[in-house]
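My entries follow the structure.

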Amino acid sequence: MDARALAALAANPGCRRRALLDGAGVDKGALAQALGAPANFGQSQFAHQRGNSFEARVKADGGADLVRLLHERLRDGSEPPGPGAVATPDLTAPGPQGRTARTALALREATEAGRWALLDHPMVSLDVAGSPAFLEPDAVVVHPDGSWTVIEIKSFPMVDGSADPAKVGAAARQSAVYTLALERVASMIGRPPEGGGDTAEAVEAVDVAETASAAVTADAAASAGTKEAAASADPAATAAQEGSVTPAEAAPVRARVRHQVLLVCPKDFSNLPTAELVDVRKQLAVTRRQLDRLTRIEEIAAALPEGTTFDLRLTDDGRNPTRPVEELTAAVDAVDAAYAPECLSTCELAAHCRTRSRAAGQVEALGRGVRGELGGLTTVDAVLTAAMNGPADDAPTGDPAVDALRRAAALRAEALASRPEAVACR
């Protein structure tokens, strides 16, 4: 589950179907294809290659130009990074858990060093409905003052200092997910409270550092076969493991995540980078609130019929599903969905959910705005009945939605009566 999927999930927290399928790692694209309702959106191969090429250009020379671009946009009066002033720590580690721990250790070390640092494709984690999601931002910059900035690199153009608002909004929601995950890391490596307060966060920071150090030094220790080899790979971690570093000493600074992300795009229609700071506080608050509302995946799975599975039963070559469509449809429909037209641009199963929503006559297919205006009227038939079968005296019913529908039906009938040639429709 990536940040784009999390942003879409947070925008529709009532959809248990997406929460379960994403949490279980189900390939929703293949599932939609097997159901006969393939998704009609996605990034083309050429756009993907163009994006990778632009990102490589932006991060050339160790990311020094990228950090200078960030400093120019900040305009905070701080000293600009000089030649060789930007550190680029190695984030290599086995598995997502190892990379997450190694990223936390690199962030702590860079923050304590009090210098510019660029983390290229770090990995952070976020708990989503009881299931861990591993996220990979394009880059994170550590400032000399201990603050961190998320870098989001996109291939859509920024013409005369502005870009497509819809695409900028999507990038902001995606960056808010990264910011939320980084805030968790920052809380673990912050300074312990003064006056002998609770040091749980600092202790957890040491545990994270030790986990990362074990992942990084394993190969060196195995090849050299000595304790000295492991210590030379990461002496700070070895000192912590030997007890010479206390929790308070291991976390001497307070890290914080900036709520302005740097959006980097091609300038005009060239391949030269330009950037603007985007405030994501609103998106961050919405994402945090919506993710907190998500039902835990265990609770969703526990409510399913016994034996429910989304297995496509692929052929030996892994290309063609053999499971009957009827069985697969029944399995998917066993999980409640919350369809809205916005899903068509964010979820692979949206076409299937739209078909089922229309077949059931649900007003959600008309949009969230319409659904909110209709109150307790949940089906199209109920809406039409309320609008067309009103009393002759047109007396108020006490239900604002019903009264508004009947007034609209009366205006529509009056308009049709003035044009006898018009064809009435239902």
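**Ground rules.** I am working on a predicted model, where local features need pLDDT of at least 70, side-chain atom pairs count only at pLDDT 80 or more, and totals for chains, interfaces and linings use all residues. Residues are numbered from 1 along each chain as its sequence is written, and side-chain values use heavy atoms, with hydrogens and water left out.

**Overview.** I looked up the secondary structure and found 18 helices and eight strands. Helices (H or I, at least four residues) and strands (E, at least two) are DSSP runs, numbered from the N terminus. Of the 426 residues, 41% are buried (under 20% relative accessible area, with a 1.4 Å probe and protein chains only). I then took the contacts (heavy atoms within 4.5 Å) with a separation of 6 or more: 63% are between residues 24 or more positions apart.

**Cores.** I searched for nonpolar cores, meaning sets of buried Ala, Val, Leu, Ile, Met, Phe, Trp, Tyr and Cys residues joined through side-chain atoms within 4.5 Å. The largest has 68 residues, and Leu135 and Trp148 have the most contacts inside it. Helix H7 (residues 165-188) gives the most to this core, with 10 residues. Another core lies apart from it, with 17 residues, including Val58 and Ala275.

**Helix H1.** I checked residues 3-11 next. Seven of the nine residues of H1 are buried, so the helix is largely enclosed by the rest of the structure. Among them are Leu6 and Leu9. The buried residues pack against helix H2 (16-23), strands S2 (124-128) and S3 (131-135), H7 and helix H12 (281-293).

**H1 with H2.** The two pack at about 155°, with axes 10 Å apart. Axes are lines fitted to C-alpha atoms, for helices over the stretch in contact, and angles run from 0 to 180 degrees between N-to-C directions. H1 and H2 are therefore roughly antiparallel (over 145 degrees). Ala5, Ala8 and Leu9 of H1 meet Arg18, Ala19 and Asp22 of H2.

**H17 with H18.** Which residues of H17 meet H18? I list Val383, Ala386, Ala387 and Met388 in H17, against Val402, Leu405, Arg406, Ala409 and Arg412 in H18. Helices H17 (residues 380-388) and H18 (residues 400-417) pack at about 70°, with axes 7 Å apart. They are therefore roughly perpendicular to each other (65 to 115 degrees).

Methods: Angles under 35 degrees count as roughly parallel, over 145 as roughly antiparallel, 65 to 115 as roughly perpendicular and the rest as oblique. Buried means under 20% relative accessible area, exposed over 50%, partly exposed in between (1.4 Å probe, protein chains only).
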